[in-house]
Amino acid sequence: MTLTAAGDTGVYKTGEKAKPNTVSGHRDGFATLCPGATLYSALPEMRRTAGASVYTAH
């Protein structure tokens with residue numbers, strides 16, 4: 001999906017297009033430390049696990 005920033009988020013400027021991952025952390029779209037470093041570093045493995053699920057549309 002492509003999102004358009006409605007305002008300056010600290011990551012994207014107003015009107016800028018963003019293509020976040022389906023499984024993303026808040027900091028991917030907004031200037032924040034959420035989620036914490038431990039969870040954020042786990043997101044790539046979560047994406048791989050979710051993508052490998054038999055319930056994922058391929």
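Predicted model: local features only at pLDDT ≥ 70, side-chain atom pairs only at ≥ 80, totals over all residues.
Let me start with the contacts of Ala5: leaving aside its neighbours within four places in sequence, Ala5 touches Tyr12, Lys13, Thr14, Gly15 and Glu16, where contact means heavy atoms within 4.5 Å. Ala5 sits in the loop between β1 (3-4) and β2 (17-18), and the strands here, like the helices, are DSSP runs numbered from the N terminus, with at least two residues in state E for a strand and at least four in H or I for a helix. Ala5 is buried, its relative accessible area being 14%, and on this scale buried means under 20%, exposed over 50% and partly exposed in between, with a 1.4 Å probe and protein chains only. The C-alpha atoms of Ala5 and Thr56, which are 51 residues apart along the chain, are separated by 28 Å.

Residues are numbered from 1 along each chain as its sequence is written, and side-chain values use heavy atoms, with hydrogens and water left out.

As for confidence, pLDDT being the predictor's confidence in each residue from 0 to 100, the protein chain averages 89, and 98% of the residues score at least 70. Confidence is lowest in helix α1 (residues 37-52), with a mean of 91, and highest in β2, at 96.

Turning to the whole chain, there are one helix and two strands, and along the sequence they follow the pattern β-β-α. The radius of gyration of the protein chain is 13 Å, well over the 10 Å that the globule rule gives for 58 residues, so the chain is more spread out than a compact globule; this radius is taken over C-alpha atoms, and the rule is 2.2 Å times the number of residues to the power 0.38. Along the principal axes, the C-alpha atoms fill a box of roughly 40 × 25 × 10 Å. Of the 58 residues, 14% count as buried, and among contacts between residues at least 6 apart in sequence, 4% join residues at least 24 apart.

Finally, Ala50 lies in helix α1 and is partly exposed, with a relative accessible area of 37%. Which distance separates the C-alpha atoms of Ala50 and Thr22? They are separated by 9.9 Å, with the two residues 28 apart along the chain.
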